[in-house]
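Open the model in your viewer and keep the sequence panel beside it. The stops below say what to select next and what is there.

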Amino acid sequence: MLIYSTNENNFDKCCFKPDMFELRLDLCESTFQIPDFFSDKKTIITLRDISEGGLYEGSLEKRLDFYAELLKHTDFFIDIEFRYFNDLTKMLDIALYKHRIIVSVHDNSRSFFEIDPAWKEIPTPFFFKFVYKIDTLTELYTINNQLKTMKLDYCLLSVGKTSLLSRVLYKKLGSKAVYFGKKGYETAPNQLTDNDVLQYNLQNINKGTKMGGIIGGSQILNSLGLSFYNSFFQRENINSVYLPFLTEDISDIVNFVKNAELDFYGFSITMPFKDKISSMIGKEQEIINLWLPLKNEVFLTDEVGFEKSFHQLNISNQTLIILFGSGAMAETVLKMLPDNDIIIVSRNKKKTEYLKMKYQKNKIIDKIPQREDLCLINATPLGMKGENVLDIYDFKIFNKVIDLPYTENKTKLVEYCEKKGISFVDGKEFWKFQAEEQLKKFML
């Protein structure tokens with residue numbers, strides 16, 4: 001169930017029909033005045049005080065009186081905190097109205113969950129809404145299983161690091177509903193927007209939906225893959241979704257995938273986990289960027305991206321490579337160009353020395369020889385936040401560039417190439433080269 005959370009000023013801004021509305025009266029100019037628009041809509045009336053994340057500053061008694069009158073004289077639903085539920089039961093025969101009551105339990109301060117036996121004593125409401133700070137997928141999965149044992153209708157929402165996944169996967173994880181708002185008009189922290197609903201095709205996610213996505217750090221929230229793969233799935237009417245699995249602990253994702261009893265088609269792997277996940281899934285290949293859990297297969301489709309980039313730029317074994325960086329992408333370059341002279345430029349001196357020892361020491365050089373064909377490869381994140389990598393690493397002599405970072409706008413290095421007439425492959429083009437290969441693997 002998709003619930004559009006709104007106030008009186010943006011109720012008509014949703015671009016599709018939700019299953020229900022939530023009217024946040026505490027965010028309206030007239031606290032106890034319900035706009036006429038909602039009179040014929042299936043609507044939840046919510047009036048939160050400051051302790052609950054709302055703006056209502058009146059008395060509890062007045063709020064409870066208002067709720068009781070709504071239940072007795074209208075068809076509206078109400079949302080009431082669990083701690084006030086017993087007070088409401090003293091004002092009316094709750095059994096007559098339980099099907100229009102949502103009982104909320106908010107605790108944003110803690111990252112653990114305990115079942116309260118008192119929840120079972122409440123006459124069956126429309127559903128319970130649980131809002132907790134949940135930072136790991138293991139916790140999210142465990143809490144869902146605990147709630148399922150109670151056989152409650154519930155909506156579980158995380159305000160921790162799993163907030164997005166708890167909402168997008170609400171059906172797969174057992175929740176009855178999820179709330180969303182108009183982008184720019186959200187009524188609560190961590191709330192999905194209408195753009196999210198459309199991008200992840202929430203209306204059509206069901207028990208048969210296959211799941212996958214990208215695993216990495218905070219940069220994955222801007223990944224081109226979110227639009228690329230989800231658009232493909234929707235266009236081709238494929239019941240799959242591609243999601244951002246943001247984490248600081250790769251083992252949490254691996255354990256979730258192995259134990260969640262959900263249908264995963266595959267994962268893109270990006271920084272900083274390309275050289276960390278293999279050992280956790282029993283693979284010897286050191287660097288990977290694609291994992292297909294069903295058969296536990298792994299691939300490095302970055303190699304395809306580099307192959308196509310090298311071909312496009314006409315890079316031969318006589319091309320001198322100036323390599324910025326010493327991470328997994330830099331190491332992939334070293335593996336793929338065993339016959340080229342390569343200069344590694346990195347702030348991580350320890351890793352640089354390690355790479356020199358590991359990859360044909362005689363080909364990793366410290367001085368630029370006389371060479372007409374020089375390709376600069378930026379295998380660092382520098383450029384994603386508007387930095388000019390050439391200000392940090394002072395190299396200005398090259399005639400080809402592979403710039404791996406990408407942003408909505410052109411990086412400073414790409415702008416420099418365009419200004420100087422230097423041939424280049426930018427991060428978006430490189431990403432597309434390897435993404436098309438990943439899509440083939442996902443569809444096998």
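A residue is called buried when its relative accessible area is under 20%, exposed when it is over 50%, and partly exposed in between (1.4 Å probe, protein chains only). This is a predicted model, in which local features need pLDDT of at least 70, side-chain atom pairs count only at pLDDT 80 or more, and totals for chains, interfaces and linings use all residues. Residues are numbered from 1 along each chain as its sequence is written, and side-chain values use heavy atoms, with hydrogens and water left out.

**Stop 1: an aromatic pair**

Select Trp119 and Phe130; both are buried. Rings of Phe, Tyr and Trp (its six-membered ring) pair if their centres lie within 6.5 Å; planes under 30 degrees apart count as stacked, over 60 as edge-to-face and the rest as tilted. By this rule there are 30 aromatic pairs. In the pair you selected, the ring centres of Trp119 and Phe130 are 4.6 Å apart and the planes meet at 50 degrees, so the pair is tilted. Helices (H or I, at least four residues) and strands (E, at least two) are DSSP runs, numbered from the N terminus. Trp119 is in the loop between β5 and β6 (127–132), while Phe130 is in strand β6, so the pair ties together parts 11 residues apart in sequence.

**Stop 2**

Next, select Phe264 and Phe267, another tilted pair, with 5.5 Å from centre to centre and 40 degrees between the planes. Phe264 is buried because its relative accessible area is 6%; Phe267 is buried too, at 0%. Then select the aromatic cluster that includes Phe228, Tyr229, Trp431 and Phe442.

**Stop 3: charges over rings**

A charge sits over a ring if NZ of Lys or CZ of Arg is within 6 Å of the ring centre and within 35 degrees of the ring normal. Select Lys41 and Phe37: the charged end of Lys41 sits over the ring of Phe37, 4.4 Å from its centre. Lys129 lies over the face of Tyr179, 4.3 Å from the ring centre.

**Stop 4: helix α1**

Select residues 60–73, which make up helix α1. Which residues of α1 are buried? They are Arg63, Leu64, Phe66, Tyr67, Ala68, Leu70 and Leu71. These buried residues pack against β3 (43–46), β4 (77–81), α2 (82–89) and β5 (101–107), where contact means heavy atoms within 4.5 Å.

**Stop 5: cysteines**

A disulfide is a pair of cysteine sulfur atoms within 2.5 Å, and the structure holds zero disulfides. Select Cys417: the nearest cysteine sulfur, that of Cys375, is 9.4 Å away. Cys417 is buried, with a relative accessible area of 1%.

Definitions and conventions
Expected span 1.5 Å × (residues − 1).
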